[in-house]
Amino acid sequence: MSSAAFENAPVFADGVMTVPALEAQHLSLSWDGSHVVVADANITVGTGETVCMVGRSGCGKTTILHALAGLTQPMEGRVLLHGKDVTGTPGHVSYMFQKDLLIPSKRVLDNVCLPLTLKGMSKAVAHKQARPLLGRFGLADTEDKWPSELSGGMRQRAAFLRTYLMGNDVMLLDEPFSALDAITRKDLREWFVSASRELGVASLMITHDVDEAVAVASKVYVLGGNPSAGKPSHIVGEVLVQRETGSSDVDFELTSAFLEAKRAVLALLNR
């Protein structure tokens, strides 16, 4: 498909035209270069926006994240970052995996500074840059602790900070809360959405948990299909989530707006 067939899709916010922080246009993806796994996926994420993607296991959610991160080359389509074509080029977005992947032999501050030191920054300068952020990420007084001394939620906060220090304003997250207990999970996801807005980070998160997707996202993309049965996945619909600014997860989950959005997502999943 010719690149001339694509047009940057502007977003209008308060009457002003803006370009999405991250955009996928007509992505078709493959696991082996010949069989289509995901067909014609279109995704947009605005600055400071948290978007979720849900779908059954094996439908290609992580494959889409890999393409957006530039780790795989799509069969068709392209990926835009602030309107610039970055298709198949890694290093433009921050990627957070399901596990925190903290190094046991490094203290917290050294763990979160890894993206900086791997780029050649001296440890002293990296520490100076990261230390003021510890409190904002809920990690005050932990810089000299070992990962084994942290709770699951604290470890995940450290992983978030390390991902943020990769220096990109677009973050891709592969089920970042799935290993946490229910209470810690609720607290951490609410903190994450608030911090993302404050820091101006655009986030695209995949999850199997419909309640979680509706609770954190302003928009939920739903994938359908079964690639293992020869039926490529595609986005069967998107659900816009309407919530009052500043409302907590707990408050929102008791509203009719939450239930309405959840029903819409479930209806799309069950197509």
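Because the model is predicted, local features need pLDDT of at least 70 and side-chain atom pairs count only at pLDDT 80 or more, while totals for chains, interfaces and linings use all residues. Residues are numbered from 1 along each chain as its sequence is written, and side-chain values use heavy atoms, with hydrogens and water left out.

Charged side chains make a friendly starting point. Side chains of opposite charge can pair when their charged atoms come close. A salt bridge is taken here as a side-chain nitrogen of Lys or Arg within 4 Å of a carboxyl oxygen of Asp or Glu, and the structure holds ten of them. One of these joins Arg-78 to Asp-85, with 3.9 Å between the closest N and O atoms. To describe how open a residue is, buried means under 20% relative accessible area, exposed means over 50%, and partly exposed lies in between (1.4 Å probe, protein chains only). Arg-78 has a relative accessible area of 13%, so Arg-78 is buried; Asp-85, at 41%, is partly exposed.

A second salt bridge pairs Glu-253 with Lys-186, the closest N and O atoms being 2.8 Å apart. This pair links distant parts of the chain, since Glu-253 sits in the loop between α8 (249–252) and α9 (256–269) and Lys-186 in helix α6 (residues 182–199), 67 residues apart. Helices (H or I, at least four residues) and strands (E, at least two) are DSSP runs, numbered from the N terminus. Glu-253 counts as buried because its relative accessibility is 18%, whereas Lys-186 is partly exposed at 30%. Helix α6 also carries Arg-189, whose partner Glu-212 lies in helix α7 (residues 210–216), so this pair ties together parts that are 23 residues apart in sequence. Shared partners then join Arg-185, Lys-186, Arg-189, Asp-209, Glu-212 and Glu-253 into one network of salt bridges.

Attention now turns to the strands. Two strands pair if DSSP finds at least two bridges between them. Strand β3 (residues 22–30) and strand β4 (residues 36–45) run antiparallel and are joined by six bridges. Within this pairing, Ala-24 has Ile-43 of β4 as its bridge partner. Five residues lie between the strands of the hairpin, where Gly-33 takes a positive phi near 90°. Strand β3 also includes Ser-28, which counts as buried because its relative accessibility is 10%. Contact means heavy atoms within 4.5 Å. Not counting residues up to four places away in sequence, Ser-28 touches Val-38, Ala-39, Asp-40, Pro-74, Met-75 and Glu-76.

Helix α5 (residues 152–164) has 13 residues and reaches 18 Å from its first C-alpha to its last, close to the 18 Å expected at 1.5 Å a residue. The expected span is 1.5 Å times one less than the number of residues in the helix. Among the buried residues of α5 are Gly-153, Ala-158, Phe-160 and Leu-161. The buried residues of α5 pack against β8 (94–96), α2 (108–112), α3 (114–117), β9 (170–174) and α6. In the loop between α4 (123–130) and α5 lies Thr-142, which is buried, with a relative accessible area of 2%. Leaving aside neighbours within four places in sequence, Thr-142 is in contact with Val-108, Leu-150 and Met-154.

Finally come the spaces. On a 1 Å grid over the protein atoms alone, a cavity is a set of points where a 1.4 Å probe fits but cannot get out, and a pocket is an open set with protein on both sides within 12 Å along at least five of seven lines; lining residues have an atom within 4 Å of a point. Grid points are joined across faces, edges and corners, and a volume is the space filled by probe spheres set on the points. The largest pocket holds about 460 Å³ of space. Its lining has 23 residues, of which Gly-46, Thr-47, Gly-48, Glu-49 and Ser-218 lie nearest the centre. The elements giving two or more residues to this lining are β1 (11–13), β4 and α6.

The count of cavities of 30 Å³ or more comes to one, and the largest cavity holds about 60 Å³. Its lining includes Phe-137, Phe-160, Trp-191 and Val-201. Helix α6 gives the largest share of that lining, five residues.
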